[in-house]
2 protein chains.
Amino acid sequence: MPILTTYRTPVLAEWVDYNGHLRDAFYLLIFSYATDAFMDLIGLDSNDRDASGHSLFTLEAHINYLHEVKLNEQVEVRTQIVAHDKKRVHLYHSLHRAGVDEALAASEQMLLHVDLAGGAKSAPFNEQSLEKLAEVLDMQIDQPKPTYVGRVIGLPPQR
Amino acid sequence: MPILTTYRTPVLAEWVDYNGHLRDAFYLLIFSYATDAFMDLIGLDSNDRDASGHSLFTLEAHINYLHEVKLNEQVEVRTQIVAHDKKRVHLYHSLHRAGVDEALAASEQMLLHVDLAGGAKSAPFNEQSLEKLAEVLDMQIDQPKPTYVGRVIGLPPQR
């Protein structure tokens, strides 16, 4: 039951605001790099798309901001599969200070497998990717259920 | 009933992937700049935080990706208020090619008004900001209801 850590980085100067805090969009950039790493893991070659001719497109992303993160802090992304079908995968990323369990942010995302050669149309995962997805699901079986999933944004009704 | 256009930009080279398409996180960066402009509009001085001592922190953001966007395309963000209370505002941004009504992406966000001087604790909007929020609500009264709000991410149950 190892945790799947998909990305590690310090918080870079170009990602922080006037106050030295990570800007909201750059949390998602870090999660986006983690998705790239996840793609590599399941054989989709984020750095050499020609090799597979397939990629994952983000259909929808939800992100919860839990704590501020400062310039130069070392952070890491842990990744779980919530669910998948033949051509979609529902991923859950959480952002942490290196080695710390408390989450700084969390994001669930729905990703669609596409065939780049075929005009970026949706396409089923191949056998190799399905095996890798099954491996990751097996690996995470003892991990706690993701916290920030299934959320709806809204204010409580006004008094 | 003018539409509130909060941000205009071409798609920059540092925002696109190997394929020349806007990366998912940079859609959110464009929306983040639009939120800055919205802050200025309601008197929160995104470029001069010392003046107001207050800011908006993003608590949660949901984003739907509807179309790819290419390098150098001119895009604009249109912004509506879904709801607000004394210290939170529920915003809706949509991204468009300049002058085109069809949306390329949409994002609803819950933002919290904070007092930077007081350790970034939540704080009620002042009278001036409340008046500005009311003005924007009045201005948008004839506009269509936002499409991508209240969404939950999930795969349909497997057969």
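Visitor: Which residue of β2(B) is the bridge partner of A:Ile63?

Guide: Strands pair if DSSP finds at least two bridges between them; helices (H or I, at least four residues) and strands (E, at least two) are DSSP runs, numbered from the N terminus. In this case, B:Ala61 in β2(B) is the bridge partner of A:Ile63. The two strands, β2(A) and β2 (residues 54-65) of chain B, pair in the antiparallel sense over 5 bridges. This is a predicted model, in which local features need pLDDT of at least 70 and side-chain atom pairs count only at pLDDT 80 or more, while totals for chains, interfaces and linings use all residues. Residues are numbered from 1 along each chain as its sequence is written, and chains are lettered from A and ligands numbered from 1 in the order in which they are written.

Visitor: Is A:Ile63 buried or exposed?

Guide: A residue is buried if 20 or more other C-beta atoms lie within 10 Å of its own, exposed if 12 or fewer, and partly exposed in between, with C-beta atoms placed from the backbone. A:Ile63 is buried, because 27 other C-beta atoms lie within 10 Å.

Visitor: Which residues does A:Ile63 touch, not counting residues up to four places away in sequence?

Guide: Contact requires that the C-beta atoms of two residues, placed from the backbone, lie within 7 Å. On that basis A:Ile63 touches A:Tyr27, A:Leu28, A:Ala105, A:Ser107, B:Glu60 and B:Ala61.

Visitor: How many residues of chain A are in contact with chain B, and which elements give two or more?

Guide: There are 28 residues of chain A in contact with 28 of chain B. The elements of chain A that give two or more are α1 (24-41), β2 (54-65), β4 (88-97) and β5 (103-115). Of these, β2(A) gives the most, with 8 residues.

Visitor: How many bridges join β2(A) to β5(A)?

Guide: These strands run antiparallel and are joined by 11 bridges; within β5(A), A:Ala105 is the bridge partner of A:Tyr65.
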